[in-house]
Amino acid sequence: MVGYYNTLREKVQNDRGTALVLFGLAILLLDLIFKLITGETRSQIVATYLWDGLVIGLAIGLAGVGLSLTYSILKFANFAHGDMITAGGFSGWVAVFAVMGVGRFDMKNLLLVGAGNPINVTELGISVSTTPIAILFGLVVAIIGTVLLTLLIDRFVFRPMRHHNDGIALLIASIGVSLALRYGLAFIFKTQNRGLTAASLTASYSVPVGTGSVQIDLGEITLVLVAVVLMVCVHMFLQYSTLGKAMRAMADNRDLALITGIPTEKVVRATWIIGGALTGAAGFLITLERGTISFQFGWILLLLIFAAVIIGGIGSVYGAIAGGIVIGFTSTVSLIWIPADLANVAVFSVMVLVLLYKPEGLFKGVTTA
Amino acid sequence: MALLNVKNLIAGYGDLRILEKVNIVVEEGEYVAIVGPNGAGKSTVMKSIFGLTKYIDGKIMYEGSDISESPTEEIIKLGISYVPQNENVFPNLTVRENLELGGYIMKNGREERIQELFDQFPILQAKQNDKTSTLSGGQQQMVAMARALVLNPKLLMLDEPSAGLAPDLVEENFEYVDQIRESGTAILMVEQNAKEALRRCDRGYVLVQGKDRFADTGKALLNDEHVRKEFLGG
Ligand SMILES: Nc1ncnc2c1ncn2[C@@H]1O[C@H](COP(=O)(O)OP(=O)(O)OP(=O)(O)O)[C@@H](O)[C@H]1O
Ligand SMILES: [Mg+2]
């Protein structure tokens, strides 16, 4: 009886929370419609926010899928994930710079992505529009490079600790890896922020909206398309391949997976490979879209990635994507009401709201991995 | 030569010794039950055979070869399957996925084997695309057994398959075990439902404080005055 009463009370409370949130959203929507009618906000601004929100959301979502995957299968929050994103970005750009600048620039400086003396990116002439093959090459190298790096880190740091089965110890080790990676990258590539692509060469399209238009450039389109394709691939892989099913089984019950005859070490390696590939792709695509890179961009992004993963339900791959998109939209659409400096406040308020009313996240239990 | 021959096995967890010279024999196709009080080490016997505890001393022979210190993966390949006492299905996977993973190491014939099991447990076929956590306790137990049977093991170890089931389902569950045994699979079963288990099995062991105190045919144990008084509630 008591148990029944408690679940009932919980339900009502949760529903009240959901109702409150929906009510709040409804008011904001009405206000937005009002603003649009009165002309206080123009529709192309809203459209721009939505597009930007989608781009940011998919970038964070893609970066979050890898984190969620390793969390659900290896059972620890990997704080080195952000710096793995950075490493992925750099490895891709080293390759792109090298192939684009060979013969014209000093090779050593190219391999350091202009750490020695800044490279004139307009002269180097990289852009998705004019050098798509080089960009594709960079993406592939970023993926391979990050996969190798994650396997190396797993082999020498996480695997020796795995049999202890201690999530906290692994988490602390990952903070150590994070620091080592970040300052290793800073040592090699130096600390200054630098440009990568020639903005003037990147094709940009105006999509007419209302009385104005939304600017969409090819870098953003590339990020959106590749992110969606990768996410669909991950979904298909987890849902239909035997190895994907084994990964979900391990996320469910690791001991039973072992008893069932699933080669758990092999599955762990596969998890790192897929997680690493997504991480490398995210690092490269995000820097491609921004057109700049610095040694700590992934680390700075990590907070938002964790927020996305928490909003979606930590351990859920689909939750990471949904959480990323919620964050993307919140960070841009909120600008209709609040100054840009407060966008992150809005993002984390959303996270706190989710934690209050749906502590398990939006997707926990709904999905399988 | 016995299918499984456990000789003077000493095993435990870390520094903790739980089994103190356990002896258990299972012949080919035989149905053997282990009964005994809570905490006697019944589950530990099964885990030890499956390579999941710390081996200290003694011998575990399977088809004449020593598997005392073989890793679990090897033991599965030799034809032993194990259904643990708790959490013995993947709750977020579908019934079919549970069985597919049961046959993870099979090179071919997995689909055919799953179909055979569906014929044996028709309810599982009907529910094959349902998430396993949505099934009833009895049905989940069926999934757990079917998962372990995909590899067509020579020896199936069941740890308290009827625990937590409603009384009418307990009977049904015992019948399924009989059915599995009739297909030629040897069974080593731990049961809380001691009387029923001893009535149905070929031979039984009474395990007390990490030792096999009594061993005989099921019927003989049921009729043994000491065993009745001490372990079967009169
Ligand atoms: N993983 C473990 N680590 C340490 N000790 C354990 C572990 N598992 C079991 N034990 C201890 O080993 C002893 C035997 O446990 P076991 O589970 O084998 O008993 P059992 O006969 O199966 O009991 P039950 O009827 O309750 O299932 C108990 O004292 C238990 O506390
Ligand atoms: Mg037990």
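## Before you start

This is a predicted model, where local features need pLDDT of at least 70, side-chain atom pairs count only at pLDDT 80 or more, and totals for chains, interfaces and linings use all residues. Residues are numbered from 1 along each chain as its sequence is written, chains are lettered from A and ligands numbered from 1 in the order in which they are written, and side-chain values use heavy atoms, leaving out hydrogens and water.

## Helix H7 of chain A

Let's begin with H7(A), residues 167-189. Helices here are DSSP runs of H or I with at least four residues, strands are runs of E with at least two, and both are numbered from the N terminus. With 23 residues at 1.5 Å a residue, H7(A) should span 33 Å, and its end C-alpha atoms sit 32 Å apart, which agrees. (The expected span is 1.5 Å times one less than the number of residues.)

Among the buried residues of H7(A) are A:Leu170, A:Val177, A:Arg182 and A:Phe189. Buried means under 20% relative accessible area, exposed means over 50%, and partly exposed is in between, using a 1.4 Å probe and protein chains only. The buried residues of H7(A) pack against several elements of chain A, including helix H2 (43-74) and helix H6 (132-162).

Over in chain B, B:Ser43 (OG) and B:Gln85 (OE1) coordinate the magnesium ion (ligand 2) at 1.9 to 2.3 Å. They come from distant parts of the chain, 42 residues apart: B:Ser43 from helix H1, B:Gln85 from the loop between strand S6 (80-83) and helix H3 (95-102). Donors are N, O and S atoms within 2.8 Å of the metal (3.2 Å for Na, K and Ca); water is not among the atoms, so sites may look incomplete. B:Ser43 is buried at 16%, while B:Gln85 is partly exposed at 29%.

B:Lys42 belongs to helix H1 (residues 42-49) of chain B. B:Lys42 is buried but has no salt bridge, and the nearest side chain of opposite charge, B:Glu160, is 4.6 Å away.

## Salt bridges

A salt bridge needs a side-chain nitrogen of Lys or Arg within 4 Å of a carboxyl oxygen of Asp or Glu. The structure holds 20 of them over all chains. One of these pairs B:Glu100 with A:Lys245 (2.5 Å, N to O). B:Glu100 lies in helix H3 of chain B and A:Lys245 in helix H9 (residues 242-252) of chain A, so this pair joins two chains. Both residues, B:Glu100 and A:Lys245, are buried.

Technical notes: Contact = heavy atoms within 4.5 Å. Lys, Arg positive; Asp, Glu negative; His and termini not counted.
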